[in-house]
Amino acid sequence: MPALFVSFMRTVVPYVAGLLLTLVVRAGVEIDSATVTGVVTVALGVAYYLVFRLLEWIGERLRGTALQTFAGVLLGWARPPSYPKWEALEPVDPSGYASGSTSLS
């Protein structure tokens, strides 16, 4: 469950940041169309996420926890979510199934 919350926070925070950046842009620019405002909000949210996710990724590669933590905090959580490891399932052997069509009646 904690991974779900972390994942949720790291999804929502960039879009809230996009909304706030859109409000800042609107303070100096007159935007009449609601559609344009929506597109600008999503574009800013995606750009925000990409910039800080890239910084976090660079921090991981450089073993620099300060950059990774800084970018992670601005994404909504200091660390990416960790998911449990599951064992891979064995491939299904199709020879164990009857050939031909079956009806479900």
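Q68 is placed in helix α3, where helices (H or I, at least four residues) and strands (E, at least two) are DSSP runs numbered from the N terminus. The model is a predicted one, in which local features need pLDDT of at least 70, side-chain atom pairs count only at pLDDT 80 or more, and totals for chains, interfaces and linings use all residues. Residues are numbered from 1 along each chain as its sequence is written, and side-chain values use heavy atoms, with hydrogens and water left out.

The chain holds 3 helices and 0 strands, and its elements follow the order α-α-α from the N terminus on. Of the 105 residues in the chain, 19% are buried; the term buried denotes a relative accessible area under 20%, exposed one over 50%, and partly exposed anything in between (1.4 Å probe, protein chains only). Among contacts in the chain with a separation of 6 or more, 52% are between residues 24 or more positions apart, a contact being defined by heavy atoms within 4.5 Å.

The packing of helix α2 (residues 34-61) against helix α3 (residues 65-74) was examined next. The two helices pack at an angle of about 155°, and their axes are 7 Å apart. Axes here are lines fitted to C-alpha atoms, for helices over the stretch in contact, and angles run from 0 to 180 degrees between N-to-C directions. The angle therefore makes α2 roughly antiparallel to α3, given that angles under 35 degrees count as roughly parallel, over 145 as roughly antiparallel, 65 to 115 as roughly perpendicular and the rest as oblique. The crossing of α2 and α3 is left-handed, a term applied if the near helix is turned anticlockwise from the far one by less than a right angle, with right-handed used if it is turned clockwise. On the α2 side, the contact is made by Y48, F52, L55, E56, I58, G59 and E60, and on the α3 side by L67, Q68, F70, A71, G72 and L74. Sorted by class, the contact of α2 with α3 comprises 8 nonpolar, 3 polar and 2 charged residues. In this classification Ala, Val, Leu, Ile, Met, Phe, Trp, Tyr, Cys and Pro count as nonpolar, Asp, Glu, Lys and Arg as charged, and the others, Gly among them, as polar.

Individual residues of this contact have different surroundings. Q68 is buried, at a relative accessible area of 12%. Leaving aside residues up to four places away in sequence, Q68 touches E56, G59, E60, A78, R79 and P80. F70, also found in helix α3, is partly exposed with a relative accessible area of 46%. F70 and L55 are separated by 15 residues in sequence and by 8.7 Å in space, C-alpha to C-alpha.

E56 belongs to helix α2 and is buried, its relative accessibility being 0%. With residues up to four places away in sequence not counted, E56 touches R10, Q68, A71, G72, L75, A78, R79 and P80.

Side chains of opposite charge can pair when their charged atoms come close. A salt bridge is taken as a side-chain nitrogen of Lys or Arg within 4 Å of a carboxyl oxygen of Asp or Glu, and by this rule 3 salt bridges are counted. One of them joins the side chains of E56 and R53 at 2.9 Å, N to O. E56 and R53 lie 3 residues apart in helix α2, which means that they are separated by about one helical turn. While E56 is buried at 0%, R53 is partly exposed at 25% relative accessibility. A salt bridge also links R53 with E60, at 3.7 Å, N to O; E60 is partly exposed, at 21% relative accessibility. E60 in turn forms a salt bridge with R61, in which the closest N and O atoms are 3.5 Å apart. Through shared partners, these salt bridges join R53, E56, E60 and R61 into one network.

Elsewhere in helix α2, L44 is partly exposed, at 24% relative accessibility. L44 and A17 stand 27 residues apart in sequence, and their C-alpha atoms are 7.8 Å apart in space. Not counting residues up to four places away in sequence, L44 touches G18, L21, T22 and V25.
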